[in-house]
Amino acid sequence: FLVIKGEEVTDRFGDKSLHINGLDVAREVAPQGGTSVVDVLQRNVDAIRHANGIPHINHPNFRWSITADELKQVRNNRLFEIYNGHPMVNNLGGGAVPGLEEVWDAILSSGIRLYGIAVDDAHTFKAPGNPAVAGPGRGWVVVRAATLEARALLDAMERGDFYASTGVELTDYRVDAKAMTVTVKKTAFSKYRIQFIGEGGKLLQESHDSPATYVFTGREAYVRAKVIESNGAIAWCQPAF
């Protein structure tokens with residue numbers, strides 16, 4: 001069991017709440033401020049890098065704070081949240097604001113490599129099962145790394161060697177020059193849909209069997225896989241370009 005130190009750098013621009021996690025930072029990072037949403041995000045990402053940390057941008061739809069266009073402009077950041085377990089972060093979007101998967105596909109379709117993580121954002125630990133509070137166990141990542149060390153885990157995340165989940169487990173995920181293959185760790189009471197998604201969020205292929213393989217045509221800008229479990233749990237694999 002390994003605890004990795006970190007910090008949620010909590011900043012704002014006007015009425016926008018801008019939170020950026022610094023993973024394995026060497027020292028405390030103060031909120032940097034700035035002249036726009038993008039400027040605030042960039043200054044904090046840079047400060048986290050200068051503290052030898054790994055940044056990731058938190059819950060873009062919390063208080064409707066960060067748009068896809070703004071996320072596209074942030075440099076030197078590889079991670080953002082496509083799922084956050086807090087009950088007030090609007091993962092699915094609403095009104096004219098897109099959900100975070102749609103945001104992710106818009107960013108990937110523009111050629112920017114950004115990897116999606118799932119997190120708890122747990123604040124409350126004494127109300128188990130209460131959906132109205134931010135509790136633990138709702139979102140996590142599974143990382144392929146050689147050793148149980150902070151930098152081995154975080155380096156793997158920055159190269160996209162992980163998947164994000166709200167409950168689905170995989171036994172394997174592989175990509176080579178020809179194909180992408182996803183293998184689900186099945187449970188007795190569930191059924192699964194394995195989707196392969198491409199540019200613009202287009203559904204390229206769907207399978208109900210595991211393992212599922214998508215053979216590249218060579219015309220895709222990127223391909224990512226998503227597993228939907230019949231009781232609502234999801235796993236997101238990182239895109240292959």
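Start with Tyr-83, which stands opposite Ala-118 in strand 5. The model on screen is a predicted one.

**Strands 4 and 5**

Select strand 4 and strand 5 together: the two run parallel and are joined by 5 bridges.

Now keep strand 5 (residues 115-119) alone. Are its residues buried or exposed? Of its 5 residues, 5 are buried, so the strand is largely enclosed by the rest of the structure. In a regular strand, side chains alternate between the two faces of the sheet. Here both faces are covered, with Tyr-115, Ile-117 and Val-119 buried on one side and Gly-116 and Ala-118 buried on the other.

Select Asn-90, in the loop between strand 4 and helix 3. Its phi is positive, about 60°, although the residue is not a glycine. Asn-90 is partly exposed, at a relative accessible area of 27%.

**Aromatic pairs**

Show the rings next; the whole structure holds 4 aromatic pairs. In one of them, the ring centres of Tyr-83 and Trp-236 lie 6.3 Å apart and the planes meet at 25°, so this pair is stacked. Tyr-83 belongs to strand 4 (residues 79-84) and Trp-236 to strand 14 (residues 234-237), so select both strands to see a link between distant parts of the chain, 153 residues apart. Trp-236 counts as buried, with 4% relative accessibility.

Then select Phe-196, Tyr-214 and Phe-216, which ring pairs link into a cluster.

Zoom in on strand 9 (residues 179-184), which pairs with strand 12 in the antiparallel sense over 4 bridges. Ala-179 is found opposite Val-215 in strand 12.

The peptide bond that joins Ser-210 and Pro-211 is cis, with omega about 5°.

**Helix 1**

Select helix 1, whose 14 residues reach 20 Å from the first C-alpha to the last, close to the 20 Å expected at 1.5 Å a residue. Colour by accessibility: 11 of the 14 residues are buried, so helix 1 is largely enclosed by the rest of the structure. Among these buried residues are Val-37, Leu-41, Asn-44 and Ile-48. To see what the buried residues pack against, show strand 1 (6-13), strand 2 (16-23), strand 3 (54-57), helix 2 (68-72) and helix 4 (150-158).

Within helix 1 (residues 37-50), pick Gln-42. Gln-42 is buried, at a relative accessible area of 6%. Which residues does Gln-42 contact, leaving aside its neighbours within four places in sequence? Gln-42 is in contact with Gln-73, Val-74 and Arg-75.

Finish just after helix 1, at Asn-52. Asn-52 is in the loop between helix 1 and strand 3, and its phi is near 60°, a positive value in a residue other than glycine.

Conventions:
Residues are numbered from 1 along each chain as its sequence is written. This is a predicted model: local features need pLDDT of at least 70, side-chain atom pairs count only at pLDDT 80 or more; totals for chains, interfaces and linings use all residues. Side-chain values use heavy atoms; hydrogens and water are left out. Buried means under 20% relative accessible area, exposed over 50%, partly exposed in between (1.4 Å probe, protein chains only). Contact means heavy atoms within 4.5 Å. Two strands pair if DSSP finds at least two bridges between them. The expected span of a helix is 1.5 Å times one less than its number of residues. Rings of Phe, Tyr and Trp (its six-membered ring) pair if their centres lie within 6.5 Å; planes under 30 degrees apart count as stacked, over 60 as edge-to-face and the rest as tilted.
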